[in-house]
Amino acid sequence: MNHWIKGASSYAADIDGLFWLVTALIGFWFIVAQGIVIYFALKYRRKEGVKAAYITGKSWRELNWVFIPVVLVVMCDGWIDVATASVWHNVKETLPPADQKVGVTAQQWAWTFRHEGPDGKLGTPDDIVTVDDLHVVVNKVIHVDLQSKDVLHSFSIPVMRFKQDTIPGRSITGWFKPILPGVYDVQCAEICGIGHGYMPARITVQTQADYDAWMKSIAAGATALPGTPSAAATSPAPQK
Amino acid sequence: MRTSLPFAFAIVATFAMSFVTSRAIAGDPSQTSGKQLFLRCINCHGANGQGMKAGTLQVPSIAGLEAWYVESQIMKFRTDKRGAHADDAKGLMMRAMARALANDAEVKAVSAYIAALAPKVEKPDTSADIKRGQQLYTMVCMACHGANSQGNPDPNIRAPSQVALESWYIQEQLVKFRTGVRGSLKDVEGLRMVPMVRDALPLMAKSLGATVEEADRDILAYINTLSGKP
């Protein structure tokens, strides 16, 4: 999976493992099922002087073509369920203590990110608010508090293998721990209106020193020209 | 074999037609004309650019606005000079849609089309003090927007005619300028509006014994009486 899209969170490898397990099992059954269909289609194709048989499916020999695959597929399903349970528990049912909290608000058609300001607390006046530009520190557990101002959206960071719907009227907390510094895509994964395709954002995973420098630069920008509108809400340069 | 030949021919013909059609669309200049591009706008601004109200979302009329002004505003939305504030819900929507245009040529084409649409005519506001509105307009707005709100596209001014803009929309923008939602550091013209709207207008209003809300209403009513012609 890393060949196509990096796994940049602590649990990305676990989710990739599930992906490959599901892909392998489904791929196996796809090949088997299609092979049998093609084999039978060729073997029992129309022939001169041979009348088609009417199969009632009442004998055990015939029913076994249904029951045996069903049992095998259900066993595979159980295999997936068992493998998924631990990953689901770790990713969705467990909430490790936060090192950094970020407020994420979705709206048509942008993401607003509220970062903890110099006081290290979220929801205070020194919060740093950005549009479509999320900054987090590498190797820290990030809590994202997800809200929506209007309709359903889905906050998706493919490299983190993180995806969570945002629902109007609800506040949903998710977490990830980025392990690879870099700049990555953020996208909405739920059709949310005509501008759905035009609400990309980016996440910058950086060292603590780089994050502190970024925070200072934002704070400096906010006070660069006294008397001008607050620069607290900033957004990255447009993506071409 | 007798049945498979027509079937194969149908498949090949279908792919060939799809290819030819797609090439024709890509190469046909009319497909990227202002009218075609405007189809992206009609969901919110209406088929004739007259604006609309859908639920709590009120969208302004844009029909008949000057082409240079529409073009400049779309470019601002595309480059985060406008509509990039977290509290500017409509601006954020427009910012996304402005980026749906592929390039500067498309921005120019759709702007020209919008400018050619018939502007919306508003009813006069009889509750306003037009005379006070004229005084305030003369003191605060006229230098840039012109005596008849004809606008000024000079590169050093770039103030639009307000005549084709709806009063409620101008009012909304005045509030945005006052509260810092519009007029970012990147927006030269918007930044110029901030001290005029946030500082000068309330002062002038006070000197005439009016509140800011009354001043806004009176100015907008006065603008509604202007021709927009030099």
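In chain B, 17 residues of domain 1 are in contact with 16 residues of domain 2, where contact requires C-beta atoms, placed from the backbone, to lie within 7 Å. On the domain 1 side of chain B that touches domain 2 of chain B, five residues are nonpolar, five polar and seven charged. Here Ala, Val, Leu, Ile, Met, Phe, Trp, Tyr, Cys and Pro count as nonpolar, Asp, Glu, Lys and Arg as charged, and the others, Gly among them, as polar.

The model is predicted: local features need pLDDT of at least 70 and side-chain atom pairs pLDDT 80 or more, whereas totals for chains, interfaces and linings use all residues. Residues are numbered from 1 along each chain as its sequence is written, with chains lettered from A and ligands numbered from 1 in the order in which they are written.

Chain A has an open sheet of five strands in the order β4-β10-β9-β6-β7, with mixed pairing. Strands are DSSP runs (E, at least two residues) numbered from the N terminus, and two of them pair if DSSP finds at least two bridges between them. β4 (133-137) and β7 (162-166) of chain A are the edge strands, each pairing on one side only. Neighbouring strands of this sheet are turned by 20° against each other on average, direction ignored, with axes fitted as lines to C-alpha atoms.

Within chain A, β6 (residues 153-157) and β9 (residues 182-188) pair in the antiparallel sense over two bridges. S156(A) has Q187(A) in β9(A) as its bridge partner.

Definitions and conventions:
Helices (H or I, at least four residues) and strands (E, at least two) are DSSP runs, numbered from the N terminus. Axes are lines fitted to C-alpha atoms, for helices over the stretch in contact, and angles run from 0 to 180 degrees between N-to-C directions. Two residues are in contact if their C-beta atoms, placed from the backbone, lie within 7 Å.
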